[in-house]
Amino acid sequence: MSELNLRPQVGPGEILPYAAARFPDKVGLVVGSRRLTYRELDSYARNVATSLCKLGIGEGDVVSLYGQNSWQWIVSYHGALRAGAIVNPVNVMLTGPELEFVLNDCRSKALLAGAQQAEVAANAAQRTGSVELVVTFGDQPLSGARTFESLLSDGADQDLSATDWAGTEALCSIGYTSGTTGHPKGAMQSQQAVLLNCAYTATMHGRTADDVVVTALPAPHAYGNVAINSAFLAGGTVVLMERFDAGSALRLIEAEQATIFEGVPAMYSMMIADAAYDTADLSSLRISTVGGQTFPPSLLERWENRTKKPLLELWGMTEVAGLGATHTPFAPSSPGSIGIALPGTELRVRALDGEGEAQVGEPGELMVRGPLVMLGYYGNPDATAEALQSDGWLRTGDIATCDSTGHFFVVDRMKDMLVTAGYNVYPAEIERVVGGHPDVAMFAVGRRADDVRGEIAVAYVVARPGTDPTAESILEFCRAGLAAYKRPRDVIFVPDLPKTSSGKLMRRKLADLELPRRGGADRLHPSPAG
């Protein structure tokens with residue numbers, strides 16, 4: 001690396017050298033029983049970069065990462081960047097054919113995979129025309145693949161990591177969207193966008209070297225990436241869970257004296273419903289963050305009353321390299337809001353008819369512009385033109401409102417809106433009310449075709465342990481908070497809800513929880529959720 005500047009100047013590949021220069025012997029990452037200092041993290045990333053360069057993987061090549069949260073994943077991310085490569089973080093929930101599509105689409109040259117994903121990864125790589133190198137994080141060697149330990153050892157003898165960066169606008173990462181409509185699209189992010197998102201997030205949340213961040217957010221996810229690397233940038237400690245478990249998360253907050261917990265709404269719902277919630281020592285927390293989906297004010301209130309500290313709602317997307325809006329710890333709260341735009345970022349609400357901006361409080365499409373916005377979708381100019389306007393404004397697909405203080409409120413996704421008896425109904429608005437029922441642990445609202453109304457809203461509910469709510473009690477609870485046309489018309493009780501790797505609820509999978517009607521029964525019976 002070049003001589004260290006007062007702060008990183010170009011991209012996220014500079015973050016670990018920067019942290020190691022300031023806090024060499026401080027623990028930067030905790031995963032399970034492994035505790036790594038910044039000196040060790042920086043050294044491992046340098047070794048990976050050197051090995052990749054020796055193997056012909058370098059500037060402009062795409063390196064895909066496919067695995068559960070692990071210290072190897074984090075080191076590989078930074079190592080690939082240090083080699084001058086473009087990182088392609090892949091959702092660990094993708095199947096073999098889905099992974100194969102991503103690898104082919106971005107012309108990946110190397111694939112680094114977790115132990116549990118090794119066989120799927122190797123098979124997918126063999127079916128591509130571009131992948132030349134497969135590395136697995138497990139101890140057991142796989143035919144045709146290298147082990148991660150060999151990367152560390154082979155790169156320990158010299159330093160071939162990048163010394164000259166291509167520039168702030170150079171391509172840094174390709175992150176694929178969830179692909180709810182057809183194949184996923186690869187959002188291209190610049191070096192500047194990824195670094196600035198980490199830096200501005202750290203600034204808005206007041207992150208320091210004293211922070212200890214507990215998170216189970218997937219590292220490949222934009223929110224997870226920023227949660228981890230904004231902490232590294234500040235010199236804090238990241239306690240990374242391989243997978244989320246409510247009881248384990250509560251124990252880690254207490255044991256590690258965490259100052260920050262970062263998660264999605266479903267994680268908070270599960271922690272609040274956990275038996276250890278009332279007795280866990282959460283006094284070390286100074287803030288928590290929640291993003292990914294709308295969060296019922298009732299749950300926010302429960303968490304803040306328990307921790308006595310702010311829970312900061314935020315909003316972001318793959319196409320802006322992480323966060324686009326958030327709250328700050330010291331500003332007056334605005335419950336239900338996603339906060340204000342990050343520095344240097346513009347947000348506005350465009351009228352739904354496409355003509356000008358929506359009035360204060362009027363729903364419209366949320367638009368974003370600034371240095372965080374993607375360069376475009378990889379190899380997909382048509383999708384890029386549809387989402388990214390010539391004046392730099394990105395269409396987010398979110399319905400939002402803005403108040404007089406500049407706080408934005410996400411109403412719902414445009415594609416999730418349903419029309420019942422001619423009225424527009426937003427599932428998130430119903431979820432905010434259903435989530436306030438004292439016997440509800442998790443919840444989601446989907447749609448069902450109806451001969452009379454066209455579509456009706458259906459609430460899918462996981463009951464809190466030790467309670468036995470009825471559909472009638474929940475429907476009655478909704479009467480006080482929702483207009484008649486907005487109320488759900490049925491309640492389906494399920495043992496779990498379908499979630500993404502980041503813990504976000506998947507509304508498009510809700511219908512799969514219902515079996516076909518049997519013998520003309522009035523109710524649809526839920527099938528077990530996986």
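G364 stands opposite A400 in strand β20. The strands named here are DSSP runs of E with at least two residues, and helices are DSSP runs of H or I with at least four residues, both numbered from the N terminus. The structure is a predicted model, in which local features need pLDDT of at least 70 and side-chain atom pairs count only at pLDDT 80 or more, while totals for chains, interfaces and linings use all residues. Residues are numbered from 1 along each chain as its sequence is written, and side-chain values use heavy atoms, with hydrogens and water left out.

Strand β18 (residues 364–369) pairs with strand β20 (residues 394–402) in the antiparallel sense, over 4 bridges; two strands are taken to pair if DSSP finds at least two bridges between them. These strands belong to an open sheet of 4 strands, arranged in the order β17-β18-β20-β21 with antiparallel pairing. Because β17 (346–351) and β21 (408–413) stand at the edges and each has a single partner strand, one side of each is left without a neighbour in the sheet. From one strand to the next, the twist averages 50°. For this value, axes are lines fitted to C-alpha atoms (for helices, over the stretch in contact), and angles run from 0 to 180 degrees between N-to-C directions.

E365 forms a salt bridge with R350, with the closest N and O atoms 3.2 Å apart; the term denotes a side-chain nitrogen of Lys or Arg within 4 Å of a carboxyl oxygen of Asp or Glu. The pair links distant parts of the chain, E365 being in strand β18 and R350 in strand β17, 15 residues apart. Both E365 and R350 are buried, where buried means under 20% relative accessible area, exposed means over 50%, and partly exposed lies in between (1.4 Å probe, protein chains only).

Across the whole structure, 17 salt bridges are found. One of them connects the side chains of R127 and E100, at 2.7 Å from N to O. R127 lies in the loop between α5 (118–126) and β6 (133–136), whereas E100 is in helix α4 (residues 96–105), 27 residues apart. R127 is partly exposed, its relative accessible area being 43%. In another pair, R207 and E262 form a salt bridge in which the closest N and O atoms are 2.7 Å apart. R207 lies in the loop between α7 and β10 (212–215) and E262 in strand β12 (residues 260–263), so this pair ties together parts that are 55 residues apart in sequence. Both R207 and E262 are buried.

Helix α1 (residues 15–22) is mostly covered, with 6 of its 8 residues buried. The buried residues are I15, L16, P17, Y18, A19 and A20. They pack against α2 (38–54), α3 (71–82), α7 (191–204) and α8 (222–234), contact meaning heavy atoms within 4.5 Å.

The search of the whole structure for disulfides, defined as pairs of cysteine sulfur atoms within 2.5 Å, finds 0. For C172, the closest cysteine sulfur is that of C198, and the separation of 9.2 Å is too far for a bond. C198 is likewise in no disulfide. C172 counts as buried at 0% relative accessibility, and C198 is buried with a relative accessible area of 0%.
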